[in-house]
Amino acid sequence: PPHTQAFSPSATPRAMAVVARGNIGHFRNGHLVASPATAAAARDAPRVGPSAVKDLVAGRDLVILSLPNCVQCDKLKEEAQAAGSTRVAECYVKWDKASEDYAELRRQLVEITGQDKFTYPQAFVGGQHLGGFAEATAALRAATPFRAALGLSAPVSPTAVRELVASRPVVALSLPNCVQCEQLRGLLGAEG
């Protein structure tokens, strides 16, 4: 027959192959994940190199390693977006525990961090290991290189405002798109 379903003994309802006129397409959760051409290319592609993780984190100012369906990974991303980061999504690298490469990637991560037990996400800033969820969320809330790599300025705190006011003879706080604020700025600028 032109279309038959072929199941391996280990196949589950979530992963199957469909044979169509001699071509095999691999599907996962109802989506085509490998056509015959991509399957051949993947089979011939080089495996994970011995320094893949080191090269990944060294080549970017910020890398956040995560897993699919990771509550803490999603929470960190949401907090960074709520703080105003527009580039947090591009910093995330998702690993798949079901991948043949995961064991090697994890081994390399253990080697780099020196930690055999950890949770995800794992954050690296400027090629240096920052830590997991707790360290990344703490760094998100302070003036740190992690926050700067996310494209965020230093957070404003009551202490920072007090220090600013104490250090200058006159301080005018304004709001964006405030007509009266702009008028006052013009008057103060004219006075010098």
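A residue is called buried here when its relative accessible area is under 20%, exposed when that area is over 50%, and partly exposed in between, with a 1.4 Å probe and the protein chains only as cover. The model on display is predicted, and local features are reported at pLDDT of at least 70 and side-chain atom pairs at pLDDT 80 or more, whereas totals for chains, interfaces and linings use all residues. Residues are numbered from 1 along each chain as its sequence is written, and side-chain values use heavy atoms, with hydrogens and water left out.

Begin by selecting C70 and C73, both of which are buried. A disulfide, taken as a pair of cysteine sulfur atoms within 2.5 Å, joins these residues with an S to S distance of 2.4 Å, and a search of the whole structure finds one disulfide. Because the torsion about the S-S bond of C70 and C73 is about 75°, this disulfide is right-handed. Two other cysteines can be selected next: C91 is buried at a relative accessible area of 1%, and C181 is buried at 18%.

Now move to N69, which has a positive phi of about 60° although it is not a glycine. N69 sits in the loop between strand 5 and helix 3 (71-82), where helices (H or I, at least four residues) and strands (E, at least two) are DSSP runs numbered from the N terminus. With a relative accessibility of 77%, N69 counts as exposed.

From there, select strand 7, residues 122-125, where Q122 and F124 on one side and A123 and V125 on the other are all buried, so that both faces are covered. Strands are said to pair if DSSP finds at least two bridges between them. Strand 5 (residues 62-66) runs antiparallel to strand 7 and is joined to it by four bridges, with I64 having A123 as its bridge partner. Strand 8 (residues 128-131) is also antiparallel to strand 7, through three bridges, and here A123 stands opposite G131. Strands 7 and 8 form a hairpin with two residues between them, and G126 in the turn has a positive phi of about 55°.

Step back to P121, in the loop between helix 5 (102-113) and strand 7, and look at the peptide bond from Y120 to P121, which is cis, with omega near 5°.

Finish at V165 in helix 8 (residues 158-166), which is partly exposed, with a relative accessible area of 41%.
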